[in-house]
Amino acid sequence: MDTKAKLQILSGAARYDASCASSGSRREGPSSGTGNTSTSGICHSWADDGRCISLLKILLSNDCIYDCAYCVNRSTNPVERASFTAREVIDLTLEFYRRNYIEGLFLSSAVMQSPDHTMERMVRVAETLRTEEQFGGYIHMKIIPGCSSELVRKAGLYADRISVNIELPSQASLQRLAPQKHKHAILEPMALIGREIATSLVERKVCRHAPRFAPAGQSTQMIIGASPENDFQILRLSQGLYKKMNLKRVYYSAYVPVTADNRLPALAAPPLRREHRLYQADWLLRFYGFSAEEILSDEAPHLDESFDPKTAWALRHPEFFPVEVNRADYATLLRVPGIGVVSAKRIVAARRFSPITPEGLKKIGVVIKRAKYFIICSGRSSEKPDQSPTVIRQRLLLGAGGETAVSAHPEQLVLPGLFA
Amino acid sequence: MNSYLYDGTADGLLSAISWILEEEADPEKVTLSERKDTLFEEGFTISTDAPRAESLFFRLKQHAPDAAHTLYSFMLAEKGEMETSLLHYVSLAFRHGDQVKGYLTHPAIRDIVNVAKKAGRELHRMKGLLRFEKLQDGAYLAKMEPDCNIIHPLAYHFSRRLRAQHWFLYDVKRRTAARWNNGSLQFGTIEQFTTPALSEDEKKVQALWQAFFKTISIPDRKNPRLQKSNMPMKYWKYLVEKQGE
C-alpha cells in the first residue's frame, strides 16, 4: 500500500478526535533543525467541516485488538486496515512542516498487539523526530490506556501535550461499550501525568535546563451522546478533571454513528447543539468563575437547548440583576449574559477614562443584544426595568437577542434500549 | 484649528506628528493630512525628517511599548486618510501610557486600534495560511497577496521557524520579497517575477496534503459557512488544499 492510501485510511480514522490545539508551549527552534512552537498556537487551515487544522492528525495504525462499540476502528468492523512505519510518519511530518501546512504532529493509534507494544512504537516516532531530525515543532501524543508508566514518562519528555481519552463518562458505560477498557487504566496515567508536569515545573524553577514534561499540559476527550450520562454528570466530571488533575482542556465530541450496534443510540444526526452547549458550560467553568453546581442540578440535569448556560443561569437568578456597568467588578460583569471576557475587560479599561454611556458601550464593541435585559448603564437602561424572567425569556426566544432558539433539524436523542 | 500636510510617506507622517506634538499646545485640535497639491488645499507642510521619525517611535516605545506596537501594526495596514486620528492617538498615548488602548470610547483611539487589530489578525492568519513550494534547487518559495504589508514581521516569524531552510517570501501585489539563507534575512523588490521550476517531488507532496485535507473533515458535520468565516476565500488562491475548487 502506498503512503497516500495509508494517509487516507489513517487520517480518516483519526478525525473523530476533537483536539487540534497547538498552543501552550513555547520552544525556540534548533538552529540546524526544523520548527519551533508559539504560545498562542497557529491554525493552518480549516477543513470542510469548519474545524481548524493545525496538526497532522493521524493514527499510527487502525489495526485494533479492542472492540469498543462506538469506535470506527473496532476489531469487528470490516474496514480496511493499515499501519504506518515510523519513517513514513516522520517524513510526512517534516515534508508538511517545511511547506508550512502544519504546526506539528498529532499521533494516536489503535491498540496493536498490546498497549505497551503500541505505545513503544509511538514513542519511537517522537523520539526520532526530536533527536535525529531535530524537529522543534509541536507534538501531541495520545497515551494508550494500560501502557507502562515508563512509556508515559518518555512520551511526556518528547511531546508538548499528551492526553488520555476518557471517551465514556462513567464506568458503567465503559463496561458496556468498551469492555476491554478500564477506568483505572485511564485515570492512573492521567494522575501520573499531572504529577510529572508539576514536578517538572518545580525542577525548572530551580534549574532552567531541567527537562520539560509535556509543557502544553494534558487534555482528554469524551464522546457525547453514545451513552446515557446527563450533562450534569459530564460537567461535574470535567470540573473534577480541571480542579484535581489540572487538565488544560476537556474536549467533547458529538457522537457520530460509525457502526450499527444495538448497544448504541440511533441518531438522526450528531448531537451538535448539545456538544456546543457543553463547550459553553465548559468555558463558564474555566474562565467565568462558575461551578458545575451553579449551572445544573440533580433536578435539572440537562443544559437548556434554547438558551446558552449563562443566560439560563441569569434567568434563574433575577436577584443578581440589573448590573450597573460602571460600578460592577470584573467577576460580576462576567456573569452578565452576552458579556464575555473580552467585553468585560474592555468595560473595565474604558471606564477608567470616563463613565460609560449606553452609546459608549456599543462603541467599545460590547454586543448588547442579550446583555440589555440585565444591565443598566450610567443609571439608564435601554429596556424597561424590572421585567420578569418570564417576559425576558419570551423576548429572547422571539429573536430579540437570543440565539436561534429553534434548531434546524431534529437533534433529540433516540436511545432505544438504553434505559431499559 | 490648524491644518498640517505631509508628503505621504511613513517617515513624513511620523516626523509631522513629532513636530506637531512639540509645537502645538493642543495637538487634539489639529488636523493632519497628506499633501495632494490640489488648488484649494490649505495647510502648512511639514518637511520629512527620517531621524526625527525614528526618534518619535523610539520614545513612544520607551514610554508605552504596547501603544508603540499598535502604531507599528497600524502602519502595516497602509491605511490612508487617518492621519489626524493617528496624531491624536500618539498624543494620548504619551499622556496615558499603555492604558490608552482601553480608551475605546474615544473615536481616534477606536479607529487606530481597530485598524491595527486588523493588520495583526492578518499577520497571525498568514503565519498559518502561507504555503511554501519546493523549487528545483532545493529552496522554498511562498507567494501571497495580503491586504496589509506584513512581509517584514512574517519573514521574521519564519526566520525563527524554518532556520535550516533556504526560502523566499513574495508579496505579489507589492512586488516585495524576503529571502532567508544561511542565517541572514534580506528584503528587496522584484521588478519582473518569473515562476521558477518546482522540484520533482513537489506535486506528490501537494497531492498528499490534498488527500489529508479531504479525509480529515467529518462528512456528517460539513459546514462550509464556518470554513469560510475562519478562512476567507480571498486567501484560497495560494492554498494548495483549495486548488481546483
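These legends walk through a few views of a predicted model with chains A and B.

In this predicted model, local features need pLDDT of at least 70 and side-chain atom pairs count only at pLDDT 80 or more, while totals for chains, interfaces and linings use all residues. Residues are numbered from 1 along each chain as its sequence is written, chains are lettered from A and ligands numbered from 1 in the order in which they are written, and side-chain values use heavy atoms, with hydrogens and water left out.

**View 1. Chain A as a whole, with its 14 helices and 10 strands.**
Helices (H or I, at least four residues) and strands (E, at least two) are DSSP runs, numbered from the N terminus. The C-alpha trace of chain A spans about 70 × 55 × 35 Å along its principal axes. Buried residues make up 58% of chain A, where buried means under 20% relative accessible area, exposed over 50%, and partly exposed in between (1.4 Å probe, protein chains only).

**View 2. A:R27 paired with A:D160 in a salt bridge.**
A salt bridge here is a side-chain nitrogen of Lys or Arg within 4 Å of a carboxyl oxygen of Asp or Glu. For A:R27 and A:D160, the closest N and O atoms are 2.5 Å apart. A:R27 sits in the loop between α1 (3–12) and β1 (45–46), and A:D160 in the loop between α4 (149–158) and β6 (161–163), so this pair ties together parts of chain A that are 133 residues apart in sequence. Both A:R27 and A:D160 are buried.

**View 3. A salt-bridge network of A:D67, A:R74, A:D261 and A:R263.**
One pair to look for is A:D261 with A:R263, whose closest N and O atoms are 3.0 Å apart. A:D261 counts as buried, because its relative accessibility is 16%. A:R263 is partly exposed, with a relative accessible area of 25%. Over all chains, a search of the whole structure finds 36 salt bridges.

**View 4. B:D147 and B:K234, a salt bridge in chain B.**
Here the closest N and O atoms are 2.7 Å apart. This pair links distant parts of the chain, 87 residues apart: B:D147 is in the loop between β5 (140–144) and α6 (151–161), and B:K234 is in the segment after α8 (224–230). B:D147 counts as partly exposed, at 31% relative accessibility.

**View 5. B:T176 and the residues it touches.**
B:T176 belongs to strand β7 (residues 176–181) of chain B. With 18% relative accessibility, B:T176 counts as buried. Leaving aside residues up to four places away in sequence, B:T176 touches B:I151, B:L169, B:Y170, B:D171, B:G188 and B:T189; a contact means heavy atoms within 4.5 Å.

**View 6. Chain B as a whole, with its 8 helices and 8 strands.**
Stepping back, the C-alpha trace of chain B spans about 65 × 45 × 40 Å along its principal axes. Of the 245 residues in chain B, 47% count as buried. Take the contacts in chain B between residues at least 6 apart in sequence: 68% of them join residues at least 24 apart.
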